[in-house]
Amino acid sequence: MKKFINATDTLLDESILGFAKAHNDIVQLSTEPTFIRRNAETKAGKVAIISGGGSGHEPLHTGFVGYGMLDAACPGQIFTSPTPDQMMAAAESVENGGGVLFIVKNYAGDVMNFEIAAEMLDCPNASVLVDDDVSLPKDHSTGRRGVAGTLIVEKIVGAAAEQGANLEECKALGDKVVRSTASMGVALSSCTVPAIGKPTFELGPDEMEMGVGIHGERGRETMKLTNANDIVAHLVQAIDEELNPQKGQRVLLHVNGFGATPLLELHLMYDLAAQHWEKKDVTISRSLVGNYTTSLDMAGCSITLTLMDDDMLKLWDAPVNTAALHWGC
């Protein structure tokens with residue numbers, strides 16, 4: 001294992017300190033417990049949007065704290081849920097009279113700890129559960145995982161909250177975006193968790209893992225490595241089976257890298273996915289390509305499609321100022 005690291009037990013603390021220093025015009029770091037919050041105060045009555053999860057997925061979630069998106073984010077240890085006290089402290093720090101909306105990826109630890117925090121919180125609150133990973137069946141025992149579609153939810157709901165939507169409206173919108181979003185991922189390598197020091201799983205030189213999540217876990221099937229055309233065909237087929245976009249439907253197409261795949265390849269994957277839906281007369285109205293929901297140093301990518309309407313497009317286009325997303329400001 002070769003990594004820029006001092007010690008595995010100080011990695012998160014040192015990294016989050018560097019992040020806060022690098023972006024101190026946007027965010028500030030709170031410690032004991034640890035969370036990242038906006039620098040600027042919000043308008044009275046604004047719904048506070050809070051998310052979080054295990055580290056190793058950067059820039060998700062801390063990179064999306066700022067105007068037009070999250071009010072605070074709670075980072076856990078690598079691939080480990082943040083604790084309820086982090087979520088409580090973050091919520092109490094940014095709640096401004098409009099209540100709190102938690103955006104939660106569907107992983108057991110995240111769900112449990114956010115539920116505990118919500119029960120203990122002394123203000124109106126609600127949660128949106130993101131489960132956009134269509135590599136798993138709907139009736140899977142633990143449900144579908146929340147993956148790259150999470151940032152789509154955070155951006156659209158964050159914009160609505162910024163514009164004055166109330167807690168009930170933000171919750172309903174978040175659920176709508178989740179229902180309109182599907183993701184599917186593929187890995188060419190595993191990732192290496194620093195505390196373990198070796199790849200989570202092994203792939204042969206002629207193998208790939210189809211349907212991976214974002215915690216370095218195996219996917220639904222180990223397949224022979226093939227060309228990009230065939231790989232994209234597998235990914236988009238799963239998304240089509242879920243969303244069934246119709247002719248003329250406007251969509252947002254997001255190709256997300258897992259951390260070790262260069263933009264040269266990600267843009268190739270975007271073009272192939274775009275060609276697929278363009279042939280079906282689906283209108284690609286918005287796009288996003290890059291490493292946004294990563295899995296440490298995993299090589300691979302995911303494709304996310306979100307069915308959009310006028311209101312969702314306007315909210316996606318609304319100004320945002322975060323470390324990882326910035327436009328209109």
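Buried here means under 20% relative accessible area and exposed over 50%, with partly exposed in between (1.4 Å probe, protein chains only). The model is a predicted one, so local features need pLDDT of at least 70 and side-chain atom pairs count only at pLDDT 80 or more, while totals for chains, interfaces and linings use all residues. Residues are numbered from 1 along each chain as its sequence is written, and side-chain values use heavy atoms, with hydrogens and water left out.

Cysteines come first. Cys170 has 0% relative accessibility and so counts as buried, whereas Cys329, at 54%, counts as exposed. With a disulfide taken as a pair of cysteine sulfur atoms within 2.5 Å, the structure holds 0 of them. For Cys170, the closest cysteine sulfur belongs to Cys123 and sits 14 Å away, too far for a bond.

Next, the nonpolar cores. In soluble globular proteins, nonpolar side chains tend to be buried together. A nonpolar core is a set of buried Ala, Val, Leu, Ile, Met, Phe, Trp, Tyr and Cys residues joined through side-chain atoms within 4.5 Å. The largest one has 44 residues, and Leu101, Leu151 and Ile156 touch the most other members. Two or more residues each come from helices H1 (11–22), H4 (149–162), H5 (167–179) and H8 (310–317), and from strands E5 (100–105) and E6 (125–130). Helices (H or I, at least four residues) and strands (E, at least two) are DSSP runs, numbered from the N terminus. H4 gives the most to this core, with 8 residues. Apart from this core lies another, of 30 residues, among them Met210, Leu253, Met269 and Trp277. Back in the 44-residue core, contact (heavy atoms within 4.5 Å) links Leu101 to residues including Val47, Ile49, Ala126, Val128, Leu167 and Cys170, leaving aside its neighbours within four places in sequence.

On a 1 Å grid over the protein atoms alone, a cavity is a set of points where a 1.4 Å probe fits but cannot get out, and a pocket is an open set with protein on both sides within 12 Å along at least five of seven lines; lining residues have an atom within 4 Å of a point. Grid points are joined across faces, edges and corners, and a volume is the space filled by probe spheres set on the points.

The count comes to 1 cavity of 30 Å³ or more, and the volume of the largest cavity is about 40 Å³. Its lining includes Asp133, Met184, Ile214 and Phe258, and strand E7 (residues 181–187) gives the most to that lining, with 3 residues. By class, the lining has 5 nonpolar, 4 polar and 1 charged residues; Ala, Val, Leu, Ile, Met, Phe, Trp, Tyr, Cys and Pro count as nonpolar, Asp, Glu, Lys and Arg as charged, and the others, Gly among them, as polar.

Of its 17 lining residues, Leu11, Ser15, Gly56, Glu58 and Leu296 lie nearest the centre. H1 supplies the largest share of this lining, 3 residues. The second largest pocket has a volume of about 160 Å³, and Val186, Leu225, Glu265 and Met269 are among the residues that line it. Here the largest share, 3 residues, comes from H7.
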